[in-house]
Amino acid sequence: MQSDDFILYTVQGDPLDRQYVGTIIQIDPSNERFTFRDAETGRLLDVQYSTTSSGPWTAQDEQGGHWVLPGHDIYWVAAADPLPGELAAITFADGSRVLALVASIDPITIVDTFSPSQHLEIRDSVVERSDWSAQPTGTTIQSMSRCILRDPAPPVVAVVPPVAPPVAPAPPEFDANGWWRRAVRRDAHAGRVGGPIRPYATVVHGTASVPEGFANLIDSWTQTAGAGECAHFVIGRSPAEGVVQLVPIFRNGNHAGGPGAGHFAPTHDHPNNVSVGIELHCGGLARLVGGVWRIWAYLPESHSWGPVGNPIDAADVVVDPTAADRGWHVVTAYQYEQLGALLNALEQVLAPLPAGCVAVSPSQQPSDWAIFPTGRVVAHASLHFREREDPWPPTCAWMRAWLVAHGW
């Protein structure tokens, strides 16, 4: 942490439930305190922070008022141009500076600031369109630099000479912007991607689509806004389809919303704000129809359920032990292998899980197979059981075994 770093923070009890921006002006690392000035109000807040806990920080303003900051990310300004989806520090000709989210750069740079959210369109360092009275059309931009998330204050570690030549560490599995190096990047349509998040959980979904529909699904999520829904990852059924990442893990993937959607307790966090969404491409519910297995799905045009897609091989069905004509489309061994690798990689970058955190479905208590002892890895059904049963019982059983193997 250094002077002139930005802090992007939330306030407990804030009725607007938004993010605010401040600039750090003074640091006292020996007492784990720093002072920052809020960009919107000019208010000075003195913060008691922690290098060993990700929980809320406390602060006091100039009038003695007490604040609790549940969210508190520190960003430093790099000597590099930002890319779409990244945060940037914009310095105007008058010397004022703001933190903004870069939406696109082609050829006009479009940004949204946080305090409050204001939309600017910039070409050749001049604001061409603006809904912000403080920086109207014609304002000149002095500079725009990429902002990178940093630890608040890394603990001091004594340097001990190695007794053997050091081994080069393995490269991180995620880059600084939240893209998994093992996945194929296909950027989702901008209308499906939300703002910055700091995830501490993972929600596993099933696409509930026919096996042959993988390419159409990816094309839809990357080329159309749809209803705004998406996911961070989609894992195909074979290496030929691979693992596709649509949204960086530090942005909202809009994968678990809608009326009746649940939350994480005791924090009461909406899942889209704190979790990474992973879709397994599979058909979901299957039924035996006329002696052949078919994917069984809801048909909106007839407001009923029925078969969709091509018949599927009986070997690709896990039969429901309670009904011989009912089952679930299998998730392949390749998909479980990739899901396990991705969950392991996420363990290295997810924020700490709040104490006692579990998934809650307010519309209907899930069946036992959809209940997980920890909010770290849950099913879509765990949060929205009446409307969603993905990724279905066989995959939930695999997930529970994964959690046990990892000591959860």
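Between which two helices does the loop that holds Pro391 lie? Pro391 is in the loop between α4 (380–383) and α5 (392–405). Helices (H or I, at least four residues) and strands (E, at least two) are DSSP runs, numbered from the N terminus.

## About the model

This is a predicted model, in which local features need pLDDT of at least 70, side-chain atom pairs count only at pLDDT 80 or more, and totals for chains, interfaces and linings use all residues. Residues are numbered from 1 along each chain as its sequence is written, and side-chain values use heavy atoms, with hydrogens and water left out.

## Backbone: cis bonds and positive phi

Most residues other than glycine have a negative phi, and most peptide bonds are trans. The peptide bond from Asp390 to Pro391 is cis, and its omega is near 5 degrees. Another cis peptide bond joins Ala265 and Pro266, with omega about 5 degrees. Pro266 belongs to the loop between β18 (263–265) and α2 (271–274).

Asp124 is not a glycine, yet its phi is positive, near 50 degrees. This residue is found in the loop between β11 (119–123) and β12 (126–130). Asp124 has 71% relative accessibility and so counts as exposed; the cut-offs are under 20% relative accessible area for buried, over 50% for exposed, and in between for partly exposed (1.4 Å probe, protein chains only). Asn254 also has a positive phi, near 50 degrees, and lies in the loop between β17 (243–245) and β18. With 21% relative accessibility, Asn254 counts as partly exposed.

## Aromatic rings

A pair of aromatic rings is described by the distance of the centres and the angle of the planes. Here, rings of Phe, Tyr and Trp (its six-membered ring) pair if their centres lie within 6.5 Å; planes under 30 degrees apart count as stacked, over 60 as edge-to-face and the rest as tilted. The structure holds 13 aromatic pairs. In one of them, Phe34 and Tyr49, the ring centres are 5.6 Å apart and the planes stand at 45 degrees, so the pair is tilted. The pair links distant parts of the chain, 15 residues apart: Phe34 is in strand β3 (residues 33–38), and Tyr49 is in the loop between β4 (44–48) and β5 (57–61). Phe34 is buried at 1% relative accessibility, and Tyr49 is buried at 3%.

The rings of Phe174 and Trp180 have centres 6.4 Å apart and planes at 25 degrees, so this pair is stacked. Phe174 counts as buried at 6% relative accessibility, as does Trp180 at 3%. Ring pairs also link Tyr9, Tyr20, Phe34, Phe36, Tyr49 and Trp57 into a cluster.

## Charges over rings

A charge sits over a ring if NZ of Lys or CZ of Arg is within 6 Å of the ring centre and within 35 degrees of the ring normal. The charged end of Arg287 sits over the ring of Trp296, at 5.4 Å from the ring centre. The charged end of Arg400 sits over the ring of Phe372, and here the distance to the centre is 5.6 Å.

## Cysteines

How many disulfides are there? The count is zero, where a disulfide is a pair of cysteine sulfur atoms within 2.5 Å. For Cys282, the closest cysteine sulfur is in Cys396, 11 Å away, which is too far for a bond. Cys282 is buried, with a relative accessible area of 1%. Cys147 is buried too, with a relative accessible area of 6%.
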